[in-house]
Number of protein chains: 2
Amino acid sequence: MLNDLDERIVHALAEDARRSYADIGQLVGLSAPAVKRRVDRLRATGAITGFTVRVDPAALGWETEGFVEIHCRRNTSPETIQRGLERYQEVVAASTVTGDADAIAQVFASDMRHFERVLERIAGEPFVERTKSVLVLSPLLRRFSSGSPT
Amino acid sequence: MLNDLDERIVHALAEDARRSYADIGQLVGLSAPAVKRRVDRLRATGAITGFTVRVDPAALGWETEGFVEIHCRRNTSPETIQRGLERYQEVVAASTVTGDADAIAQVFASDMRHFERVLERIAGEPFVERTKSVLVLSPLLRRFSSGSPT
DNA sequence: AGTGAAAGGGCCACGAG
DNA sequence: CTCGTGGCCCTTTCACT
């Protein structure tokens, strides 16, 4: 688990991951090497899994966003779903969930036609029985990033 | 809009935002200053909104994740929903959507009891009529981060 | 955890295509 | 207008205290 110092370091990195160790050190009251040692340890233990860029999807031409509930055939393993979905660049996040659906995938596409095409291809996957999707009208809130890169 | 070079630079930064400009340059066939100039321009135009750390929620003690569909009372504006939800640290993302629900919020909590408490508080908001939530069983995939910091 | 020195990256001004 | 080069300075990183 993390102590207070680690948490403040992570918070500083969440705001700007390219901030220098000296800067962070001044913020939390540590020297630059001390901060680096803690960050290295956080990476080693898996608390920090990496550093990434924060992107404006619209500016990149990804204007259409949606969530796709995926209903799978019986006896589909999470690994099968993962391998099936990670091949789509448009799928930026996916999880297995409780409730009616088996998994939810978050999809970014350039426009409606693109979104529809991706949806059709996912629905055509052998492990997929049916899908139900909702489109995002407007993003209200986005905080930080979680998980590991693929 | 972005050309091929910019897209490859963003991709490289998505994998590791602390990678050096020289490294990225080697990857895309440019010199370090050329890469920096392009990154600066991408930040200026808003395509890149920042750099952040990728965190393992479980390692930080956020073991319980879920999506909350929110059904609002009639005539609730997106701004009202945003202002209502941004006060919850546990809500890491939210959007208005098409379909049955009016909005979907992504929630991280330390455990089930915490999740339930947040859910009850959200359900108690004056603009909320009812909620329906699904719990994440296992994250399968997470790609990059989008949007602006709060 | 802090200090100092060596290596490497960021960043600016300039010249070339 | 965009890229590459060279040089300075700050940051990272390591051994040592």
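**How chain A meets chain B**

In this predicted model, the side chains of Lys132(B) and Asp100(A) meet in a salt bridge at 3.8 Å, N to O, where a salt bridge is a side-chain nitrogen of Lys or Arg within 4 Å of a carboxyl oxygen of Asp or Glu. Across the interface of chain A and chain B, the rule finds 2 salt bridges. Local features here need pLDDT of at least 70, side-chain atom pairs count only at pLDDT 80 or more, and totals for chains, interfaces and linings use all residues; side-chain values use heavy atoms, with hydrogens and water left out. Residues are numbered from 1 along each chain as its sequence is written, and chains are lettered from A in the order in which they are written.

The contact (heavy atoms within 4.5 Å) takes 64 residues from chain A and 65 residues from chain B. About 6300 Å² is buried between the two chains, and carbon and sulfur atoms give 56% of this area; buried area is the accessible area (1.4 Å probe) that two parts lose on being put together, summed over both. Of the area that chain A buries against chain B, Arg18(A), Arg54(A) and Leu140(A) supply 14%, more than any other three residues.

Strands also join the chains: β1(A) pairs with strand β1 of chain B, residues 48-55, in the antiparallel sense over 7 bridges. Strands (E, at least two residues) are DSSP runs, numbered from the N terminus, and two of them pair if DSSP finds at least two bridges between them. Within this pairing, Phe51(A) has Val53(B) as its bridge partner in β1(B).

Notes. Helix = DSSP H or I, 4+ residues; strand = E, 2+ residues; numbered from the N terminus.
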